[in-house]
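Have the sequence and the structure open as you read.

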Amino acid sequence: MGMSSIAGSNHCKVIIIGSGPAGLTAALYCGRANLNPLIFEGSQPGGQLTITTEVENYPGFEHGIQGPELMDVMRKQAYRFGAKSVFRNIVKVDFTVRPYKLTDEEGQVYFAESVIVSTGASAKWLGLESEKFIWVTVFPPALLATDSFSKE
Ligand SMILES: Cc1cc2nc3c(=O)[nH]c(=O)nc-3n(C[C@H](O)[C@H](O)[C@H](O)COP(=O)(O)OP(=O)(O)OC[C@H]3O[C@@H](n4cnc5c(N)ncnc54)[C@H](O)[C@@H]3O)c2cc1C
C-alpha cells in the first residue's frame, strides 16, 4: 500500500484524500516523483465524472470520452507509477502533529508526511425531470432500487 511500518503504524510519504481528476492527477505526479502515494478514494471512487456520460472538453480526446472510462484510465496511469488506493473515506485528520495523523471510516489510523486534500464537491441537483437520465443511464437499476446513492 505504499506504506512502511513506523512504531507499528501505517506511515506514508503522501496521502491523497479524494479520487476525482484532482486527486488522481496529484497521484500521478507524486507517483512519478517516487513518493508512493496512497489515495483514499472515498464514497465516490473516480469522483463526479463517474456519474456523467460524454466528456467533450478534456484535452487529448478528440471525439470525447465517457466519464467513467476517463477516470478508469486516469487511475491506471497513476497506478503505473506506484500509486495505490484504499476505497474508504477519511473521517478525521490531525494537522497539529507531525507526521499528520489520519483516521479512516473503519478506525484505521495512518500517518503521512504530506496530505493532499482533493475532496472536490458534489453536484447540487435541481430535481428536474431531465436530470433523471443520469440515474437511469449511468447507475444500475439495482443500485437505484436499494437507494444506495444519495442525490446530494
Ligand atoms: C453530471 C456531471 C457532469 C459533468 N460533466 C463535466 C464535463 O463534461 N466536463 C467537465 O470539465 N466537468 C464536468 N463536470 C464537473 C467535474 O466532474 C468536476 O469539476 C470534477 O469532477 C472536480 O474534480 P475534483 O477532483 O476536484 O473532485 P470530485 O470529482 O468532486 O471528486 C471528489 C473526490 O473526493 C472524494 N472524497 C470526498 N470526501 C472524502 C473523504 N472524506 N475521504 C476520502 N475521499 C473523499 C470523493 O469520493 C471523490 O472521489 C461534471 C459534473 C457532473 C456532476
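## Buried or exposed

A residue is called buried if 20 or more other C-beta atoms lie within 10 Å of its own. It is exposed if 12 or fewer do, and partly exposed in between. The model is predicted.

## Helix 2

By that count, Gly-67, Leu-70, Met-71, Met-74, Arg-75 and Ala-78 are buried in helix 2. Viewed down the axis of helix 2, these buried residues fall within an arc of 135°, so they line one face of the helix. Lys-76 and Arg-80 sit on the other side of helix 2 and are exposed. The cover over the buried residues of helix 2 includes helix 1, strand 4 (54–55) and strand 5 (65–66).

Helix 2 has 14 residues. From first C-alpha to last it reaches 20 Å, close to the 20 Å expected at 1.5 Å a residue. Just after helix 2 comes Gly-82, with a positive phi of about 95°.

## Helix 1

Helix 1 has 12 residues, which should span 16 Å at 1.5 Å a residue. Its end C-alpha atoms are 16 Å apart, which agrees.

Which residues of helix 1 are buried? They are Gly-23, Leu-24, Ala-26, Ala-27, Cys-30 and Gly-31. Seen down the axis of helix 1, the buried residues fall within an arc of 155°, so they line one face of the helix.

## The chain as a whole

The chain has 4 helices and 9 strands. Read along the sequence, their pattern is β-β-α-β-β-β-α-β-β-β-β-α-α. Of the 152 residues in the chain, 26% count as buried.

Take the contacts between residues at least 6 apart in sequence. Of these, 56% join residues at least 24 apart.

## The nonpolar core

The largest nonpolar core has 24 residues. Val-14, Ile-15, Ile-16, Ala-27 and Phe-40 have the most contacts inside this core. Two or more core residues come from each of strand 2 (9–17), helix 1 (21–32), strand 3 (38–40), helix 2 (67–80) and strand 9 (109–117). Strand 2 gives the largest share of the core, 5 residues.

What does Val-14 touch, leaving aside its neighbours within four places in sequence? Val-14 is in contact with Cys-30, Leu-35, Pro-37, Ala-112, Glu-113, Ser-114 and Ile-116. One of these, Cys-30, is a buried residue of helix 1.

## Around the ligand

The ligand is surrounded by 28 residues. The closest are Gly-18, Gly-20, Gly-42, Gly-47 and Gly-120. By class, the shell has 12 nonpolar, 15 polar and 1 charged residues. Helix 1 gives the largest share of this shell, 3 residues.

Gly-47 and Ser-122 are 75 residues apart in sequence, yet their C-alpha atoms are 8.6 Å apart. Ser-122 lies in the loop between strand 9 and helix 3 (132–137). Ser-122 has 14 C-beta neighbours inside 10 Å, so Ser-122 counts as partly exposed.

Ala-33 is in the loop between helix 1 and strand 3. Because 13 other C-beta atoms lie within 10 Å, Ala-33 is partly exposed. Ala-33 and Gly-82 are 49 residues apart in sequence and 9.9 Å apart in space, C-alpha to C-alpha.

Asn-34 takes a positive phi of about 60° although it is not a glycine. Is Asn-34 buried or exposed? With 9 other C-beta atoms within 10 Å, Asn-34 is exposed. Asn-36 lies in the loop between helix 1 and strand 3 too. Phi of Asn-36 is near 45°, a positive value in a residue other than glycine. Asn-36 has 18 other C-beta atoms within 10 Å, so Asn-36 is partly exposed.

## A cis peptide bond

Arg-98 and Pro-99 are joined by a cis peptide bond. Its omega is about -10°. Pro-99 is in the loop between strand 7 (90–94) and strand 8 (100–104).

Terms used:
Residues are numbered from 1 along each chain as its sequence is written. This is a predicted model: local features need pLDDT of at least 70, side-chain atom pairs count only at pLDDT 80 or more; totals for chains, interfaces and linings use all residues. A nonpolar core is a set of buried Ala, Val, Leu, Ile, Met, Phe, Trp, Tyr and Cys residues joined through C-beta atoms within 7 Å. Two residues are in contact if their C-beta atoms, placed from the backbone, lie within 7 Å. A residue is near a molecule or strand if its C-beta atom, placed from the backbone, lies within 6 Å of it. Ala, Val, Leu, Ile, Met, Phe, Trp, Tyr, Cys and Pro count as nonpolar, Asp, Glu, Lys and Arg as charged, and the others, Gly among them, as polar. The expected span of a helix is 1.5 Å times one less than its number of residues. The arc is that of the directions from the helix axis to the C-beta atoms.
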